[in-house]
Amino acid sequence: MFIRLLIIVSACLFAAGAVAYESDQYLNRTAEVDDSLALMDEQVNLALERVLSASKPPDTEKAVARAIYYEIGGWYWADKIERWAAKSPSVDKYPQTRHKSIYRSMPIWATRVTFIFGVGRSFRVNDVMVGSDKFGHFVSQGFKYFRRELRGLPEPEIIKRGVFAERWLFGQFTTGIYSNADLVANYEGYRFYQSLFRDDVIEGKPAILTMQSGRYVQQRDFTWADHINPYWDEALNPSYTVDAVDRRLVESIVKLCPGYREAPSYYSVPEDAALWHRYQHVGLKDARKNQFQRVCEIR
């Protein structure tokens, strides 16, 4: 027993130093929170401006992507843009504290890192309830996906490595939670780095950057609206959880069913089937049985 606990605690400490908090989009769904899309867009576009206006700007795809990663990501517990959003008084936040979440009262051996460090804040971006950790996944894991592509790995192998990380380092082993929304954010981050240089990664849009006179210039603005959709929301795209968490999670969702019945549009996503089809290939584990409409309509 002591050895088992030691392994779990060690894994928790290691993971906490490597990744951001988990998040909780089950509670506070109907709270009035301002949409921070424009503010979040501005942070990325300012970062692009700083990278491109440097005295010696990067002149290869790899160098540009790395420079942007260091501007808004970096080697931190939480990426720079994630920490900025959490701390900025301009960015409205859902009324949630670290340790008052749907995972509260679950045992440490079930929720692991989440038990010790709590959950991150959630924001409203592009009319979606988004956990702070998703921005880190977008920037950092998206960069890793793109870097692997530049090394010549095919997309299925790139995705396979992302799934491995979610299963072991970033998710199920250390937190008891295999986050489907994390994998969607990873993949959208990958598409962001691709869209810096390639037309129609975002359908109908040119690349964000173009080469002129031997240097990259920005030809259109970045917007999170090209990437954030309801499958970034942990409640609408539920995580696959270990049995000990799953049983308690369902019990907690049932307690929230009156809110679902009063305002179902806050708790469901009409385009669920289309989004599942779009992202199934990125490694999703089907946990849609824990969506509000499926739990609440049979209780």
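A: Let's start with a word we'll need throughout: "buried" means under 20% relative accessible area, "exposed" means over 50%, and "partly exposed" is in between (1.4 Å probe, protein chains only). This is a predicted model, with local features needing pLDDT of at least 70 and side-chain atom pairs pLDDT 80 or more, while totals for chains, interfaces and linings use all residues. Residues are numbered from 1 along each chain as its sequence is written, and side-chain values use heavy atoms, leaving out hydrogens and water.

Now for the inside. The largest nonpolar core holds 53 residues. A core here is a set of buried Ala, Val, Leu, Ile, Met, Phe, Trp, Tyr and Cys residues joined through side-chain atoms within 4.5 Å. Look for Val 125, Phe 135, Phe 192, Tyr 193, Leu 196 and Trp 224, which have the most contacts inside this core. There's also a second, separate core, made up of twelve residues, and you'll find Ile 253, Tyr 260, Tyr 267 and Phe 292 among them.

If you skip the neighbours within four places in sequence, Val 125 is in contact (heavy atoms within 4.5 Å) with Asp 35, Ser 36, Leu 37, Met 40, Val 130, Phe 135, Trp 224 and Ile 228. Two of those partners, Phe 135 and Trp 224, are also on the list of residues with the most contacts in the largest core.

The inside has charged side chains too. Take Asp 133 and Lys 134, whose side chains meet in a salt bridge, with N and O 2.7 Å apart. A salt bridge means a side-chain nitrogen of Lys or Arg within 4 Å of a carboxyl oxygen of Asp or Glu. Asp 133 counts as buried at 2% relative accessibility, and Lys 134 is buried as well, at 0%.

Next, go to helix α10, which runs over residues 180–195. There, Arg 191 forms a salt bridge with Glu 188, and the closest N and O atoms are 2.7 Å apart. Arg 191 and Glu 188 sit three residues apart in α10, so about one helical turn separates them. Both of these residues are buried.

Compare that with Arg 288 and Asp 286, whose side chains make a salt bridge at 3.0 Å, N to O. Arg 288 counts as buried, with 13% relative accessibility, but Asp 286 is partly exposed at 43%. If you'd like the overall tally, a search of the whole structure finds 16 salt bridges.

Finally, let's head out to two loops. Asn 28 is partly exposed, at 29% relative accessible area. Asp 200 has a positive phi near 65° too. Asp 200 sits in the loop between α10 and β4 (209–212). With a relative accessible area of 52%, Asp 200 is exposed. As for those labels, helices (H or I, at least four residues) and strands (E, at least two) are DSSP runs, numbered from the N terminus.
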